[in-house]
Amino acid sequence: MELRHLQHFIAVAEDQHFTRAAERLMVSQSGLSASIRALERELQTPLFVRTTRRVTLTEAGRALLGEAERILAQVRSAHEAVAAVQGVLRGTLSLGTEQCIAGVHVAGLLAAFRRLHPDVEIRLRQAGSGALAEEVAAGRLDLAFAYRTQADSDQLRSVSLTSEPMTVLCHPSHRLAETGAAVTPDDLGGEVFVDFHPDWASRRTTDAVFAAAGVRRTVALEVNDVHSLLDLIDENLGIAVVPSTSATSASPSPRSPSRAPARRSTRRWRCCPLRRRPVRRPGP
């Protein structure tokens with residue numbers, strides 16, 4: 001049994017697709033298929049159920065997956081132990097991040113780490129905080145920069161780096177844009193919202209705030225990246241509640257030309273702070 005066969009098997013199991021796995025491994029699809037068939041012949045059992053759209057693990061494949069991951073982890077540990085004796089840090093650092101994470105300049109951190117440890121392979125994955133937490137719990141990521149909510153479980157160790165307020169984004173023609181004053185969930189009842197998928201922690205935070213206030217909201221459009229959300233706000237298709245960082249860091253930098261079409265070169269929205277409950281003013 002060759003290690004590359006196990007590497008190929010794990011990649012197909014993760015992607016559930018031969019083409020995507022081949023692209024990630026930078027091998028031909030025919031070569032990847034031949035590798036999987038060789039492994040199945042050696043084990044004398046099918047490892048995947050193949051369809052035209054995806055592949056899923058058989059019972060034997062599920063049994064092999066955990067063992068294959070442990071074998072490759074042990075091989076990596078052996079390489080790293082030898083490298084450590086030689087005074088060189090080697091291995092793989094797998095980390096994840098949600099877009100526009102507050103208080104963390106991920107690219108800068110990775111650049112500094114890379115300068116110190118050029119022999120370490122870095123794998124970066126972007127996803128919602130819920131998916132990233134699952135990846136860390138399963139051991140597929142070493143760590144993740146993500147948002148945590150009160151609904152998250154305590155099975156993972158987390159360190160709080162910073163906090164930030166939530167901001168309401170709206171088109172300049174919206175009624176909220178006139179004052180830019182702080183608003184509450186009650187002020188937004190009946191509005192149409194653009195929001196991230198439920199896997200994103202900012203979406204879960206917003207849902208929890210409105211649920212606690214007893215305000216029902218309608219999410220008409222769901223997106224999976226910050227720029228798409230801002231594009232929809234530009235088109236006045238709804239309002240959004242996002243962390244402040246998402247609004248500021250996603251706007252085009254004036255020092256570098258935007259790759260977006262000319263009509264998108266200037267973002268159009270207004271920001272209003274969101275409060276959980278109305279501020280009570282002192283009586284006379």
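**Entry 1. A loop glycine and the ground rules**

I looked up Gly 139 and found it exposed, with a relative accessible area of 54%; exposed means over 50%, buried under 20% and partly exposed in between, with a 1.4 Å probe and protein chains only. I note that this is a predicted model, in which local features need pLDDT of at least 70 and side-chain atom pairs count only at pLDDT 80 or more, while totals for chains, interfaces and linings use all residues. Residues are numbered from 1 along each chain as its sequence is written, and side-chain values use heavy atoms, with hydrogens and water left out.

I placed Gly 139 in the loop between helix 6 and strand 5. Helices (H or I, at least four residues) and strands (E, at least two) are DSSP runs, numbered from the N terminus. I then computed the C-alpha to C-alpha distance from Gly 139 to Glu 69: it is 9.5 Å, across 70 residues of sequence.

**Entry 2. Whole chain**

I recorded nine helices and ten strands in the chain. Of its 284 residues, 37% are buried. For contacts (heavy atoms within 4.5 Å), I looked at those with a separation of 6 or more: residues 24 or more positions apart account for 68% of them.

I traced an open sheet of three strands in the order 4-3-5, with parallel pairing; two strands pair if DSSP finds at least two bridges between them. Strand 4 (120-126) and strand 5 (143-145) are at the edges with a single partner strand each, so one side of each has no neighbour in the sheet. The twist from one strand to the next averages 25°.

I checked the pairing of strand 3 (residues 91-97) with strand 5 and found three bridges in the parallel sense. Leu 95 has Leu 143 of strand 5 as its bridge partner. Helix 5 (residues 106-116) packs on this sheet and touches strand 3, strand 4 and strand 5, its direction making about 170° with that of strand 4. Such angles run from 0 to 180 degrees between N-to-C directions, and axes are lines fitted to C-alpha atoms, for helices over the stretch in contact. Helix 6 (residues 129-137) also lies across strand 3, strand 4 and strand 5, and runs at about 165° to strand 5.

I examined helix 1 against helix 3: they pack at about 110°, with axes 9 Å apart. Helix 1 is therefore roughly perpendicular to helix 3, a class that spans 65 to 115 degrees, with under 35 counted as roughly parallel, over 145 as roughly antiparallel and the rest as oblique. On the helix 1 side the contact involves Arg 4, His 5, Leu 6, His 8, Phe 9 and Val 12; on the helix 3 side it involves Leu 32, Ser 35, Ile 36, Ala 38 and Leu 39.

His 5 counts as buried because its relative accessibility is 8%. Beyond its neighbours within four places in sequence, His 5 contacts Ser 35, Ala 38 and Leu 39.

I turned next to helix 2 and helix 3, whose axes come within 9 Å and cross at roughly 105°. Helix 2 is therefore roughly perpendicular to helix 3. Among the residues that meet here are Phe 18 and Leu 25 in helix 2, and Gln 29 and Ile 36 in helix 3.

**Entry 3. The largest nonpolar core**

I used this definition: a nonpolar core is a set of buried Ala, Val, Leu, Ile, Met, Phe, Trp, Tyr and Cys residues joined through side-chain atoms within 4.5 Å. The largest has 20 residues, and Phe 9, Val 12 and Phe 48 have the most contacts inside it. Two or more residues each come from helix 1 (3-15), helix 2 (18-25), helix 3 (29-43), strand 2 (55-57) and helix 4 (59-85). Helix 1 gives the largest share, six residues. Setting aside neighbours within four places in sequence, I listed contacts of Val 12 including Phe 18, Leu 32, Phe 48 and Val 55.

**Entry 4. Strand 6 and strand 9**

I found five of the five residues of strand 6 (residues 166-170) buried. Met 166, Val 168 and Cys 170 lie on one side, with Thr 167 and Leu 169 on the other. Strand 6 pairs with strand 9 (residues 240-243) in the antiparallel sense over four bridges. Met 166 has Pro 243 of strand 9 as its bridge partner.
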